[in-house]
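Here are my notes for your read-through. Please keep the structure open beside them.

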Amino acid sequence: MWRKILLSKSMGILLAAAVCIGGLAGCGSDAAKKGDTVSADKKEGGSSEAVTIQWWTPNWDEPESREMAEEFEKDNPNIKVELVITDWDTYKDKITTAISAKGAPELFTILLTDVKPFAGKSLLEPLTDLGTNAGVDFDDILAPALDITSVGGQAYGIPFRYDGSGIYYNETMLKEAGYEAFPKTWDEMLDMSSKLSEEGKVAFAWPLGNQANAVTRFVQQLYTYGGEILNEDETKCLLDSDEAVTALENIVDSIKEGYASQSSSEIDNTKMREMFGTEQLAFNLTGPFDVDSLKTDYPDLKWKTAVIPGDGGMACTTANGWCVAMAQNSEHKEEAAKFMAYITEPENQARLTDSFPASKTAMEFEQFATEELKPFIEQLNNSKPEPAYTCWSEVEPVIYSYIQSAVSGDITPKEACIKMTEDINAIVGM
């Protein structure tokens, strides 16, 4: 679940470009745009021969995106860049509609794990040759990130951000419980949580109030124990395994024992950050993008970071990120590829992310070498991509429903895993 998704930055949609009674259609790059379609170039006297390309970029990246568009236009006066600002809640559905239409937007920012489902529907332009010719250095992109956006050896998205979760812990609260550093294993973490509970403190929380947040935490537990969701060809669900039952038991039992917040069913990642910042939680599992947020919003809070404890050692985290992709139906592919190459240069990746870039060169920049970020880099050594199954939009709600049922006590974790497997098999077997 990746995502400056959990950012403290506000998420509000400005999308109104070419809206046609209930959907986006015909979002041609050269058409007149209104509302949230914003021209990056307000200069007069532009060439009548200039090509206009459109980039759909999320609201949390808007300032940097606008800077890059203006810089690119100055060096490339024959190419104009228009921005359409998207948001987390609706971007996928609206982009799906827009890129399916004739004269689709040239470029758009999407999650790495969105690429394969879009590419599977023939909505994306293959980028390996096009990007290389435009100056994209594929050898400089982190292999795990590029693997997520590649199908059959062909890249369909250029990653510019790649990260996973880690632990933030309250240094003062842990010292009072007798800990100088965060525990290394899940069992040691539960022992510490028990001591905190005896002192009337809540150790942590699960973000079960949000579907994507909740399922991500379950999947991280599942991967830590070596489990899988589907088989390789996505024809069979594997969640009736011992690994899945253990993963769900960890969530259910920690709430039942009082180690995790009893309000977990009403909490999302944003609320957990707030609870940690106000010392209602002793530690929190989230991404590296919260480093700056905590420093800004809670300047007096004393905290450190650590890797996630797992079964006898470091747990597995899910990793995801963001990339720039191109619509197969776009009209100005070569011009768009040139701008894409500019967006994904190491220096631009570094300013476009609040966590980690996908560029090997940018990863070595000083801004990513802080003490707070080092555990997140280490954690990526035990990471797997977030689920990117073609049927994931149907599978995720099923998993979420049974997580809720198990947490509420309506069924046991084992029963929940058996039932979710049956329901998901009905989906993938269709």
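Helices and strands here are DSSP runs, numbered from the N terminus. By that numbering, Leu 208 sits in the loop between H7 and helix H8 (211-224).

1. **Model and confidence.** This is a predicted model. The average pLDDT over the chain is 88, and 89% of the residues score at least 70. Residues 1-35 are the caution: pLDDT there is below 50, although the stretch has 113 contacts in the model beyond near neighbours in sequence. Residues 37-47 also stay under 50, with 20 contacts beyond four places in sequence. Where pLDDT is low, the predicted coordinates should not be read in detail.

2. **Overall make-up.** The chain has 17 helices and 12 strands. Of its 430 residues, 57% are buried. Among contacts with a separation of 6 or more, 76% join residues 24 or more positions apart.

3. **Leu 208.** Beyond four places in sequence, the contacts of Leu 208 include Ala 214, Ile 251, Ile 255, Ser 264 and Ser 265. Tyr 400, Ile 403, Gln 404 and Val 407 are also among them.

4. **The largest nonpolar core.** This core has 72 residues. Those that touch the most other members are Ile 99, Leu 107, Phe 108, Ile 110, Leu 124, Tyr 162 and Phe 339. Helix H12 (residues 333-343) supplies the largest share, seven residues. Another core lies apart from it, with 59 residues, among them Phe 204, Ile 229, Ala 244 and Ala 282. In soluble globular proteins, nonpolar side chains tend to be buried together.

5. **Phe 108.** What does Phe 108 touch beyond four places in sequence? Its contacts include Trp 55, Trp 56, Ile 95, Ile 99 and Leu 124. They also include a run of Cys 323, Val 324, Ala 325, Met 326 and Ala 327.

6. **Cys 323.** This residue is in strand E11 (residues 317-326). Its relative accessibility is 0%, so Cys 323 counts as buried. Cys 323 and Leu 112 are 211 residues apart in sequence, yet their C-alpha atoms are 5.9 Å apart. Outside four places in sequence, Cys 323 contacts Phe 108, Thr 109, Ile 110, Leu 111 and Leu 112, among others.

7. **Helix H2.** In H2 (residues 91-100), Tyr 91, Ile 95, Ala 98 and Ile 99 are buried. Seen down the helix axis, the buried residues fall within an arc of 90°, so they line one face. They pack against strand E2 (51-58), strand E3 (79-86), strand E4 (107-111), helix H3 (115-120) and E11.

8. **Helix H17.** Pro 413, Ala 416, Cys 417, Met 420, Thr 421, Ile 424, Ile 427 and Val 428 are buried. Down the axis of H17, the buried residues fall within an arc of 130°, so they line one face of the helix. Lys 414 and Glu 422, on the other side, are exposed. The buried residues of H17 pack against helix H9 (242-256) and helix H16 (392-408).

9. **Aromatic pairs.** A search of the whole structure finds 16. Tyr 169 and Phe 182 form a tilted pair, 5.6 Å centre to centre with 35° between the planes. This pair links distant parts of the chain: Tyr 169 is in strand E8 (residues 166-170), while Phe 182 is in the loop between helix H6 (171-176) and helix H7 (186-198). Tyr 169 is buried at 6% relative accessible area, and Phe 182 is buried at 5%. The rings of Tyr 389 and Trp 392 have centres 6.2 Å apart and planes at 50°, so that pair is tilted. Both Tyr 389 and Trp 392 are buried.

10. **Ring cluster.** Which residues do ring pairs link into a cluster? They are Tyr 169, Phe 182, Trp 186, Phe 204, Trp 206 and Phe 283.

Technical notes:
Residues numbered from 1 in each chain as written. Predicted model: local features only at pLDDT ≥ 70, side-chain atom pairs only at ≥ 80, totals over all residues. Heavy atoms only, no water. Buried < 20%, exposed > 50% of the residue type's maximum accessible area, 1.4 Å probe, protein only. Helix = DSSP H or I, 4+ residues; strand = E, 2+ residues; numbered from the N terminus. Arc of directions from axis to C-beta. Contact = heavy atoms within 4.5 Å. Core = buried A, V, L, I, M, F, W, Y, C linked by side-chain atoms within 4.5 Å. pLDDT = per-residue confidence, 0-100. Phe/Tyr/Trp six-rings, centres within 6.5 Å; stacked < 30°, edge-to-face > 60°.
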